[in-house]
Amino acid sequence: MSEVQQQIEANPTLQAVVKTNATNLLGLDRAGLETFFESIGEKKFRATQVMKWIHQLGVTDFQEMNNLSKDLRNQLAETSCIQNLQVTKDMLSTDGTRKWLLQLSDGNHIEAVFIPEDDRGTLCVSSQVGCALDCSFCSTGRQGFNRNLTTAEIISQVWLAAHLLEEEKKPGRKITNVVMMGMGEPLLNFDNTITAVRIMMDDFAYGLSKRRVTVSTAGVVPAMDRLGDTLDMRLAVSLHASNDKLRDELVPVNKKYPLKELMAACRRFIDKQNSRSRITFEYVMLDGINDQPEHARELIKLLKGIPTLMNLIPFNPFEGSGYRTSSKNAVSRFREILHNSGMTTVVRKTRGEDIDAACGQLAGKIEDKSRRHRRFEEPRFGME
Ligand code: SAH
């Protein structure tokens, strides 16, 4: 160990300074790593070597990267880091769903959830601390917006889940799909989300195909256009209402980008993708609010001509939400009407209820909820 390194080891303040300046390699996609290596006088192919070590082999200590020279390993250890989030809570539901409460370096918390099904394992990933969109039925919205996650903080959720699941050594506990449906609006954290998605899809990292990564949006129209121009992946749109009056109330971003504009953006998105793709629409079923047969009929008209997978989500109640879950009868009647029109319609199963991991219940740590009263002071829509 050099003298400088010894001084740093002995001094926590210096350690913090070094850490802040270090590049967190977890947050660089292949192009980013190539630029990084070139900037330190190395060949580009170091990027794929290091990606494999980090994401496929789960190695965070540069000294273990034995296809790099000793000098390079030391240089990396001094100038960069592979810094993951800290796991504060790790909860396993009786149905196999596993949820992690993760602490960021500034003390904020976010959540990630693994949902195993017969033929796949889906990881639900957060993109922001809190959310600015204030959807009336969503508990994350109650916290207000705090900040965007960095690419490293988004990818760390995947890294940690992949490696903690591997430690279980049980069949069927592998991430095959990622959905950006955790806390936050991914399209209002556009660049970091895109870079993270590139890492998820990179063969030297997680190797997920474009059909297995879904970005979910409440309908930020300009960003949907940008997304379509940038990358092939699945798009989910949180619709929740069949007309503007109702949607203005449930999903306030609708006042800025009403249904006509949203539907036009969906059509443009589909046109940019290959012919087999369709859009997933999410529709949370709220008792007596949006679950009547006339709403289903309005939806059929609204979505005409858009290749649709309709996901009906039973509302997951939380304290003070002011909404009730639609009855089983209302949900099946609604599903029937959509189905009979030829729309592929599924009712999403509620998972991980015993660990508060169900849709829309991701709220970080309890004390974060004190931000509730401040939510209207936050910038509402961060992107023009
Ligand atoms: N901001 C993005 C992604 C996060 S929300 C978006 O709006 O799509 C992921 C999904 O969970 C959205 O469809 C959201 O509307 C839904 N959701 C939020 N709160 C819910 C609740 N209490 N019950 C059921 N679904 C909920």
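Here is a short chat about the ligand site and the sheet of this predicted model.

Colleague: Let's start with the ligand. How many residues surround the ligand, and which are the closest?

Modeller: The ligand is surrounded by 20 residues. The closest are S216, S238, H240, E282 and N316.

Colleague: What classes make up that shell?

Modeller: Ten residues of the shell are nonpolar, eight are polar and two are charged.

Colleague: Where does a polar side-chain atom of E282 lie?

Modeller: That atom of E282 is 3.0 Å from an oxygen atom of the ligand.

Colleague: And the backbone? What do N316 and T217 reach?

Modeller: N316 places a backbone N or O atom 3.0 Å from a nitrogen atom of the ligand. For T217, a backbone N or O atom lies 3.5 Å from an oxygen atom of the ligand.

Colleague: How much of the ligand's accessible area does the protein cover?

Modeller: On its own the ligand has 540 Å² of accessible area, and the protein covers 96% of that.

Colleague: Which elements give two or more residues to the shell?

Modeller: They are β10 (213-217), β12 (279-285) and β13 (308-314).

Colleague: Sheet next. What is the strand order?

Modeller: The order is β3-β4-β5-β6-β9-β10-β11-β12-β13-β14. These ten strands form an open sheet with mixed pairing.

Colleague: Which strands stand at the edges?

Modeller: β3 (86-92) and β14 (344-347) do. Each has a single partner strand, so one side of each has no neighbour in the sheet.

Colleague: By how many degrees are neighbouring strands turned against each other?

Modeller: The average in this sheet is 20 degrees, with direction ignored.

Colleague: How many residues of β5 are buried?

Modeller: Eight of the eight residues in β5 (residues 109-116) are buried.

Colleague: Which ones point which way?

Modeller: H109, E111, V113 and I115 point one way from β5. I110, A112, F114 and P116 point the other way. All of them are buried.

Colleague: How many bridges join β5 to β6?

Modeller: Four, and the two strands run antiparallel. β6 covers residues 121-124. F114 stands opposite L123 in β6. Four residues lie between β5 and β6 in their hairpin.

Colleague: What about β9 and β10? In which sense do they pair?

Modeller: In the parallel sense. β9 (residues 177-180) and β10 share three bridges. V178 stands opposite V213 in β10.

Colleague: Last one. Where is L286, and is it buried or exposed?

Modeller: L286 is in the loop between β12 and α11 (293-302). L286 has 0% relative accessibility, so it counts as buried, the cut-off being under 20%.

Colleague: How far is L286 from I313?

Modeller: In sequence, L286 and I313 are 27 residues apart. In space they are 9.2 Å apart, C-alpha to C-alpha.

Terms used:
Residues numbered from 1 in each chain as written. Predicted model: local features only at pLDDT ≥ 70, side-chain atom pairs only at ≥ 80, totals over all residues. Heavy atoms only, no water. Near = heavy atom within 4 Å. Polar contact = N/O pair within 3.5 Å; in protein donor to acceptor, adjacent residues only side chain to side chain. Areas by Shrake-Rupley, 256 points an atom, 1.4 Å probe, with all protein chains shown as cover. Nonpolar A, V, L, I, M, F, W, Y, C, P; charged D, E, K, R; others polar. Pairing = 2+ DSSP bridges. Axes fitted to C-alpha atoms, helices over the stretch in contact; angles between N-to-C directions. Buried < 20%, exposed > 50% of the residue type's maximum accessible area, 1.4 Å probe, protein only.
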